[in-house]
Amino acid sequence: MYSEIKNIFGDECLLDFPLSSRVSKIIFEGKQIGIKRDDELSCGISGSKYRKFSSIIPYIKSRGFSHVVTEGSEFSNNIAGMCQLFNEYQIKYTLILKKGYSDWAVNKKLIKLLAQENSKITLERKDWKNRREKIDEICHRLETSGEKIVFLPEGSFHESALPGSMTLAFDIDIKIYQEIFIDAGTGMSFVGLYYGLSLKDFTGKLYVISLFENKEYFEKILASFKHLFPNVLIKIPYDVITLSESKSFGGLTNSLKENIKMLSREYGILTDPLYSGKSIPIALNKIKQENFGNALVIHSGGAQTLSGFIELVTNY
């Protein structure tokens, strides 16, 4: 399986993780829409991160890296998932964390549970833009002590995450679905999906629902990985839908609360106020407005973070 990916990155580029998720078919205002349940891939790790780490871990192991330095928010799905898998695979790490604005966020509590105190350095939000100096200092200290370091940027936006992210494309029936919606933070999962679908000669269209970035950003990051695919044309059309509200992690508006409740009560789909609770309703409404015939919405996961927000969502 995944022979097209292994032809590019090598036979050992992926762990033997179960990377196939079902499609839940819902009726939204009279229209049948597929929800790709990547949220079900792992109990405690969001699906998009689970796919990424299926290739990040063999990358680290095969190259003999002894220590990972990474960065992210205290609320990060990526950091929470990384800690679980790195602990399992006995990979040492140091976390550079951006201080959150509350103590009740579940991922913050999970990271506190999973990570040793001496493996975390928390920066005030005002100092985050200057974090590179701290990262360089830590990497230098670790290398001086004999560690072989790899740095994973925020959201694991790194070449090592690409094979795992590409597996999503090979888990989609492109004969059925011609409009595919995916959310994006740093955009690594989008890049993997795009190049994976390109290898499959996908003829439909992608829609990226982004917290912050515009199309120029996504064009830039697609181009940054093009050297790995010299025979693949960047030709799949895609649109970027940038959020107009609730852009902050965990920012809760009344409409976001209503959408999270709607998805839970009408379809049994748990979403979170970081990504999926924002992106899935936007995708559903776009599909309805455009009257798309065969559309698929990727549920990237993260529902475990909802437990820290349930009272805020249900009582207002």
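**Questions about a predicted fold**

Author: Let's start with helix α5, whose buried residues are Arg-131, Ile-135, Ile-138, Cys-139 and Leu-142. Please keep in mind that this is a predicted model.

Reader: What makes you say that these residues are on the same side of α5?

Author: They cover an arc of only 100° around the axis, so they sit on the same side of α5.

Reader: What do the buried residues of α5 pack against?

Author: They pack against four strands: β3 (67-73), β4 (92-98), β5 (120-123) and β6 (149-152). Following α5 comes Gly-146, with a positive phi near 105°.

Reader: How do you know that the span of α5 is close to the expected one?

Author: Helix α5 covers residues 131-144, which is 14 residues.

Reader: Why is α3 called mostly covered?

Author: Nine of its 12 residues are buried, and a residue is called buried because its relative accessible area is under 20%. Among the buried ones are Asn-77, Ala-80, Met-82, Leu-85 and Phe-86. The buried residues of α3 pack against α2, β3, β4, α4 (106-114) and β6.

Reader: What makes Ser-76 a cap for α3?

Author: A side-chain oxygen of Ser-76 lies 3.0 Å from the backbone nitrogen of Asn-78, at the N-terminal end of the helix. Just after α3, Gln-90 has a positive phi of about 55°.

Reader: Why is the pair Arg-22 and Glu-40 called a salt bridge?

Author: The name calls for a side-chain nitrogen of Lys or Arg within 4 Å of a carboxyl oxygen of Asp or Glu. Here the closest N and O atoms are 2.9 Å apart, so the pair qualifies. The two residues link distant parts of the chain, 18 residues apart: Arg-22 is in the loop between α1 (3-9) and β1 (23-28), and Glu-40 is in the loop between β2 (31-37) and α2 (47-62).

Reader: What makes Arg-22 and Glu-40 count as partly exposed?

Author: Partly exposed lies between the 20% limit for buried and the 50% limit for exposed. Arg-22 has a relative accessible area of 46% and Glu-40 has 40%, so both belong there.

Reader: Why do Lys-261 and Glu-258 also count as a salt bridge?

Author: Their closest N and O atoms are 3.8 Å apart, and the limit is 4 Å, so this pair qualifies too. Both lie in helix α9 (residues 254-267), three residues apart, about one turn of the helix. Lys-261 is called buried because its relative accessibility is 14%, under the 20% limit. Glu-258, at 41%, is partly exposed. Elsewhere, salt bridges that share partners join Arg-22, Arg-37, Asp-39 and Glu-40 into one network. Over the whole structure, 18 salt bridges are found.

Reader: Why is Lys-36 called buried?

Author: Its relative accessible area is 1%, so it falls under the 20% limit. Lys-36 lies in strand β2. Its contacts beyond four places in sequence include Val-23, Leu-168, Ile-172 and Val-297.

Reader: What makes the pairing of Lys-36 with Asp-171 a polar contact?

Author: Their side chains come to 2.7 Å from each other, and the limit for such a contact is 3.5 Å.

Reader: Which residues have the most contacts inside the largest nonpolar core?

Author: They are Phe-86 and Phe-190, in a core of 64 residues. Helix α7 (residues 188-199) gives the most to this core, with seven residues. Apart from it lies another core, of 23 residues, including Met-262 and Ile-287. As for Phe-190, its contacts beyond four places in sequence include Ile-182, Leu-206, Phe-218 and Tyr-238.

Definitions and conventions
Residues are numbered from 1 along each chain as its sequence is written. This is a predicted model: local features need pLDDT of at least 70, side-chain atom pairs count only at pLDDT 80 or more; totals for chains, interfaces and linings use all residues. Side-chain values use heavy atoms; hydrogens and water are left out. Buried means under 20% relative accessible area, exposed over 50%, partly exposed in between (1.4 Å probe, protein chains only). A nonpolar core is a set of buried Ala, Val, Leu, Ile, Met, Phe, Trp, Tyr and Cys residues joined through side-chain atoms within 4.5 Å. Contact means heavy atoms within 4.5 Å. The expected span of a helix is 1.5 Å times one less than its number of residues. The arc is that of the directions from the helix axis to the C-beta atoms. A polar contact is a pair of N or O atoms within 3.5 Å; within protein, one must be able to donate a hydrogen and the other to accept it, and residues adjacent in sequence count only if both atoms are side-chain atoms.
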